[in-house]
Amino acid sequence: MSESAIHRTFCRFCIAYCGADIEIDAQQQVVGVRGDPDHPTSQGYLCPKGRALGINHHDPRRLDHPLLGRAGNRRQVGWDELLDDAALRLAEVVEQHGPSSVAFLVGNGGSFDASGRWALEQLQRKLGSRTRYTNMTVDTPAKPVLGTLMGGFPGLVPAIDHERATMTVLLGCNPVVSHGHMNSFPDPVRRLRALGDQGELWVIDPRRTETAALATTHLAIRPDTDWALLAHAVREIVRSGADTAYVSEHTVGIDELARAVAPVSLEMAVRVTGLSAKAIEDFVAAVRRHGRIAMQTGTGATFSPRSTLVEWLVWALSIVTGSYDRPGGMWFHPGFFKQFDERNLSPVDSPAFGPGPASRPDLPNVTGEMPGAAFADEVLAGNVKAAVIAGLNPVTAYPNLGRQRQALDSLEVAIVADVMASELTDRATHVLPVAGPLERADLNYWADFLMIDISGNHTPRVIDPVAERRPQWQALAQLGARMNLDVIAEGVNPDTISEEEIIDRVGRGARRDVDELRRSPTAVVADTSVFGWVHDRILPDGRWRLAPASLVASFAELTDVTLDTGNVETPDDSLLLISARQLRHVNFQLTGVPLGGGHRDEPALLMNPTDANRLGIADGSTVQVKSPAGHVITTVRTTDLITAGAAALPQGFEDVNVAALVSDDDVDPHSGMPRQTAIPITVTPL
Ligand SMILES: Nc1nc2c(c(=O)[nH]1)N[C@H]1C(S)=C(S)[C@@H](COP(=O)(O)OP(=O)(O)OC[C@H]3O[C@@H](n4cnc5c(=O)[nH]c(N)nc54)[C@H](O)[C@@H]3O)O[C@H]1N2
Ligand SMILES: Nc1nc2c(c(=O)[nH]1)N[C@H]1C(S)=C(S)[C@@H](COP(=O)(O)OP(=O)(O)OC[C@H]3O[C@@H](n4cnc5c(=O)[nH]c(N)nc54)[C@H](O)[C@@H]3O)O[C@H]1N2
Ligand code: SF4
Ligand SMILES: [Mo]
């Protein structure tokens, strides 16, 4: 008989944080992974990535040993030798160039390690570096910018009121695949059906996605034209259909807003978006009919070259209908650990939180994070000499692949704490093999305010770290100790403190004590939604600012140009490349891994058959995809699910790397966000 045991934990591939039961046999092999039926949020649901927690744990590409030197000139060494050398070389850089010449990078992979990310931030602070790069600035900087400009706080994240919403609008997000952008959707199909059954579910997306298939109405909009649909809707609703009592009591700037959107006539909206007049009128009528709306955006909005304007108009439409912070619309998630609703936060005026990068002074520093679009420039300009990279892969995540490679190779010290061998780790000078999700105690700390409910979850480690893998908090604290920095706290020795003591520090001040989370057999839900705290505690004078001057000015330029030219800026032979996520990998993670039933995601280019025919491209043929920034070679899949004129390529693959097509120059000036959707491309058969 097998002597396997079942351990309860939760998945850390995405912000849904689904509960999982992991079966481990006597040889420390993961032999089974199932959804936790008692988990209050995910209720037994686990997507293909969650079910691959065991595959990921045993992946032959996992990093097992410390490595010193770049690939080609590399040795396997012991931890002491690695950390001694790393500390010595970092100290030299600090001495010669100052602490801010050391950049700290943390991304999606590294953020789900609560104590690992905490230790990275501690190390940065103790070293005195102001230079942090994350994934946020290449994902969704428009959202904190908008929270600041309109509500006075960057952490305002609107979330659908699943219990009461009757008109849900999803713009540029595909939760059936992604399980949510800034708002998680565990068990998405069931929840989307429920939202549709409660009223109407609108999906605005150039592709008839898996989510669009569940919608009551799908608007197959032209990429990067959402602003025209939204501005027209704001114009019409402000004329008739707004919650006027709410607007006069809780907003400033309604007249400026109305003036800004006034040029966006139905005729202009039709011409720009490619939607029919009837579709646009139906949308406006539905907003009027329901009064309140629950509108959520995803990366289809935040990746667009006008991301800040799009987000602004979404917020404006939501606010003039009285839909924010009120039942039936959107609530604001205060976080289980972060508890924004309990803090005394003073309103912030400017979305720039500090000096931006010296080599790109035009780009903002958002919430203390330097724009990822400037990382390569900063290294190549000599402002960044060393980097500590923990769970961010600039090779696949940051724009302009060629420049990222150059930048990584020219760093004097590139310390990479990661779980998986990759092109990034090949380019590192010091590789720290850190513990993966099953090998560490953890909390759902980082994305607690992006979850579908206000809940806390603690997991002990379910399996001991394999080979020489070491918890990241410990490795980084030991690195700090060698530079005379007490990373954890003054006088605390990282060799002897336990991982659960670190968890106590990370989880301090939460809605519930960490011990209560430890005792609970699964997640603890404190609330499913909360309303009113933003009005009561956050909004400056209790009012939303509807018309931030910088956005109004940019919007006026946009409408002026559009009145003149019609805004169809793509040349005839080119297509617009849109972003697309896939079910069986998350960004770089799990790419190339065959999951359940042997299925694996392929980095194929999706094209409409009309475009393919016109260009003489057959389904399955090999093509070169070229953008102003670079090119990739891949296979074409034709499908009428994608609107003509658009093409889609998934992100995360090293071989067909979409980052080669993204420019680090073409950025939204308000947020620093590189254009990662609606990229003009040409496709040539090979
Ligand atoms: N399986 C899986 N899950 C993931 C990830 C993953 O890689 N795989 N990544 C995780 C991460 S880091 C994130 S940030 C989230 C992202 O979560 P989502 O934002 O939901 O990402 P997508 O599923 O790509 O959905 C974006 C949609 O925007 C559409 N779109 C593109 N351009 C435009 C446009 O101009 N206008 C409009 N209206 N729509 C447009 C695309 O067609 C696509 O359907 O997913 C997370 N979850
Ligand atoms: N062109 C284009 N660019 C994009 C996107 C796009 O769709 N198109 N998407 C953008 C978005 S939304 C995001 S969030 C970023 C995502 O990009 P990244 O932030 O780079 O996220 P991942 O690829 O999920 O993971 C990054 C790294 O974390 C490592 N990792 C995994 N688990 C752990 C762990 O437990 N500890 C540590 N230390 N490391 C770990 C992985 O091996 C990987 O090297 O990319 C952005 N860039
Ligand atoms: S939805 Fe997210 S948290 Fe849930 S199993 Fe999938 S990857 Fe894991
Ligand atoms: Mo992301």
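Me: How many charged residues does the shell around ligand 2 have?
Reply: This is a predicted model, where local features need pLDDT of at least 70, side-chain atom pairs count only at pLDDT 80 or more, and totals for chains, interfaces and linings use all residues. Residues are numbered from 1 along each chain as written, chains are lettered from A and ligands numbered from 1 in written order, and side-chain values use heavy atoms, leaving out hydrogens and water. Ala, Val, Leu, Ile, Met, Phe, Trp, Tyr, Cys and Pro count as nonpolar, Asp, Glu, Lys and Arg as charged, and the others, Gly among them, as polar. The shell around ligand 2 splits into 13 nonpolar, 11 polar and, for charged residues, four.

Me: Which domains does ligand 2 lie between?
Reply: 28 residues surround ligand 2 (a heavy atom within 4 Å), and Asn108 and Asp418 are among the closest. Bounds here come from an automatic or database domain assignment. Both domains give residues to the shell, so ligand 2 lies between domain 2 (67-138 + 349-521) and domain 4 (570-685).

Me: What is the distance from an oxygen atom of ligand 2 to an N or O atom in the side chain of Asp418?
Reply: Polar contacts here are pairs of N or O atoms within 3.5 Å. A nitrogen atom of ligand 2 sits 3.0 Å from a polar backbone atom of Ala417. For the oxygen atom and the Asp418 side chain, it's 2.6 Å.

Me: Which charged residue is in the shell around ligand 3?
Reply: That shell divides into eight nonpolar, two polar and one charged. Its members include Cys11, Cys14, His179 and, as the charged one, Lys49.

Technical notes. A polar contact is a pair of N or O atoms within 3.5 Å; within protein, one must be able to donate a hydrogen and the other to accept it, and residues adjacent in sequence count only if both atoms are side-chain atoms.
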